[in-house]
Amino acid sequence: MDKYLLQYKGSKQVLALIGLLTVVQSIAIVFQAIYLAKAITQLFQGAEGSIALRSFVIFIVANSIRHLIQWGKERIAYRFADRTAKDYEQQLLRKIFTIGPQAVGKYGSGHLVTLGLEGVPKFRKYLELLLPRSLSMAIVPFVILVYVFTLDKMSAITLLIVLPILIIFLILIGMVSQKKIDDQMDTYRLLSRHFVDSLRGIVTLKYLGHSRAHEQSIATVSNKYRIATNRSLRYAFLSSFSLDFFASLSVAVVAVELGLRLINGQMLLEPSLAILILAPEYFSPVRELGNDFHATADGKDASMQIHAILEEAEPESLVLEKTIRRWNAESSLELKNLEVKMEEQTIFKGLTMKMQGYGKVGVIGHSGAGKSTLIDVLSGFTVPTGGACLLDGQELPHLSTAEWQDQVAYIPQHPTIFPDSVINNIRFYEPDASLEEVTEAAKRVGLDQLITTLPNGYDERIGAGGRSLSGGEEQRIAVARSLLQRRQILLFDEPTAHLDVETEHELKQMLLPLLEDKLVVFATHRIHWMQDMDTIIVLENGKVVETGSHEELIGADGAYCRLLEARGKGHAV
């Protein structure tokens with residue numbers, strides 16, 4: 001049983017309703033057995049046809065009620081599963097946006113894409129089958145056993161002894177099969193991540209001339225998944241056969257025991273037939289649950305993964321005695337002795353820096369120096385493990401508060417382009433923005449010329465299934481989004497790292513005028529941006545080693561100059 005089952009919204013009511021229907025269904029199963037046995041006995045004993053027909057009619061009515069209730073249980077379970085899966089899909093999406101890029105990186109984008117697209121439907125199927133099968137296994141055998149006990153104690157004892165043996169065998173099969181199912185899921189997740197990463201990197205592979213060489217890598221991963229799937233199916237077929245075999249053997253034991261006593265005159269024909277008809281029904285819920293174990297194993301695994309992500313620790317909101325003011329020309333933010341640890345790795349230790357009012361702050365350093373982590377701290381995506389943040393004199397342990405994040409716009413290296421129209425992509429964060437506002441934002445970032453060439457203008461579909469955009473056009477969409485948000489703090493995380501020189505130059509000319517009268521933190525490894533920054537922060541090994549303007553740092557002949565030399569650009573950048 002799923003340990004989260006009672007936590008799902010409306011699960012208790014659904015369980016109660018399906019349980020009640022299962023009790024009625026169990027009674028219908030008993031009635032159909034009684035009257036089928038009665039009809040057969042009446043015909044065997046030469047009773048009038050009308051009497052036997054009456055018994056057959058009652059049997060047909062009971063059988064129809066049984067199947068009608070089964071249909072109702074499945075509909076109730078499906079609606080509950082569908083509603084719960086959609087709810088958790090939305091929770092999963094909100095959680096992914098909440099925990100930020102660093103935490104998402106821990107799971108892998110390919111894994112999260114697969115979990116959202118395929119894991120959620122499997123989770124729905126798992127819930128759909130789990131409820132009726134589990135309750136049937138708990139209720140149907142019990143009702144049948146109680147009735148059989150009233151007919152024949154020896155048969156009831158035989159059923160009571162055999163069922164636990166079948167359940168134990170089911171558990172053993174599950175334990176043996178689980179390893180193969182886990183192996184299959186691991187290779188499936190590997191294949192999914194590999195597929196998503198291949199799609200994202202295919203342009204780079206083609207550019208480098210390695211796209212054909214990548215075919216072997218895809219074939220290897222696909223073959224691993226094929227082998228793991230075949231092994232899992234082998235165990236699934238074997239376990240299904242074993243369950244059917246032992247269930248049939250159990251029915252045979254009851255039949256032999258009844259037959260011997262019937263021959264010896266210790267049992268009457270009618271109760272013997274009723275017990276023999278009920279014996280397969282008694283074992284049927286166990287067989288169905290065992291068969292569905294393999295059908296729902298992926299769904300249960302997806303359920304555990306979804307709950308693991310939902311239970312991921314979030315940055316705790318800070319309750320402030322004073323409301324955080326909107327950022328203005330007089331505002332200040334100071335990071336004091338900041339420490340950030342991730343999975344036993346120390347990224348920042350003793351980091352101290354200060355920003356004030358409006359201005360462009362460039363953050364530069366070698367790869368791994370902590371540029372992206374600093375952006376994540378400032379955006380509130382990453383909570384420091386030590387130190388403090390002083391915002392206008394107020395000491396905060398972190399910046400993961402809604403009041404701060406509502407002032408921040410984050411522009412990543414690879415902005416997400418949704419499969420939707422141009423206008424909906426631009427106003428993604430401001431869905432109520434008017435066409436005039438969207439048009440103004442598009443003009444300011446230089447998208448208007450592109451949009452006028454599109455057949456459907458602002459209604460042109462872009463992203464997956466639509467018109468593809470270049471890297472520079474995607475970044476313009478991202479900047480246009482931030483302009484619609486009208487936020488005074490802009491955080492850029494390597495926004496031009498994947499662009500060619502010409503595209504980057506065009507984007508730079510467009511971007512710089514838009515950064516006035518704002519606090520801009522621009523993390524990049526491209527040195528030429530630093531000339532346009534008011535202040536430059538140089539990071540080394542998670543610490544600020546130099547701060548100043550481009551000219552001041554050139555004169556200091558320190559870490560900044562060493563970066564220039566490492567890029568092979570000398571002092572002319």
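These legends walk you through several close-up views of the structure shown above.

The model is predicted, so a word on its reading: local features need pLDDT of at least 70, side-chain atom pairs count only at pLDDT 80 or more, and totals for chains, interfaces and linings use all residues. Residues are numbered from 1 along each chain as its sequence is written, and side-chain values use heavy atoms, with hydrogens and water left out.

**View 1. Lys-38 pairs with Glu-270.** Side chains of opposite charge can pair when their charged atoms come close. Here the two side chains form a salt bridge with an N to O distance of 3.1 Å; the term means a side-chain nitrogen of Lys or Arg within 4 Å of a carboxyl oxygen of Asp or Glu. By this rule the model has 16 salt bridges. Lys-38 sits in helix α1 (residues 11–44) and Glu-270 in helix α6 (residues 269–310), so the pair ties together parts that are 232 residues apart in sequence. Helices (H or I, at least four residues) and strands (E, at least two) are DSSP runs, numbered from the N terminus. Lys-38 is partly exposed at 23% relative accessible area, and Glu-270 is partly exposed at 28%. Buried means under 20% relative accessible area, exposed over 50%, and partly exposed in between (1.4 Å probe, protein chains only).

**View 2. Asp-152 meets Arg-261.** In this salt bridge the closest N and O atoms are 2.2 Å apart. Asp-152 belongs to the loop between α3 (109–151) and α4 (153–208), while Arg-261 belongs to helix α5 (residues 214–263), and the pair links distant parts of the chain, 109 residues apart. Are these residues buried or exposed? Asp-152 is buried, with a relative accessible area of 8%, and Arg-261 counts as buried at 15%.

**View 3. Arg-486 joins Glu-437.** Their side chains meet in a salt bridge of 3.4 Å, N to O. Arg-486 is in the loop between α12 (471–485) and β9 (489–493) and Glu-437 is in helix α10 (residues 435–444), so the pair ties together parts 49 residues apart in sequence. Arg-486 counts as exposed at 55% relative accessibility, whereas Glu-437 is partly exposed at 30%.

**View 4. Asp-82, Lys-86 and Arg-124 form a network.** Salt bridges link these three residues.

**View 5. Two annotated segments, residues 49–69 and 130–150.** Both are among the stretches that the unreviewed UniProt entry annotates as "transmembrane region"; such annotations may be inferred rather than shown by experiment, and feature names are shortened, with positions in the numbering used here. Residues 49–69 are 100% helix and 0% strand, with end C-alpha atoms 30 Å apart. Residues 130–150 are 100% helix and 0% strand, with end C-alpha atoms 31 Å apart.
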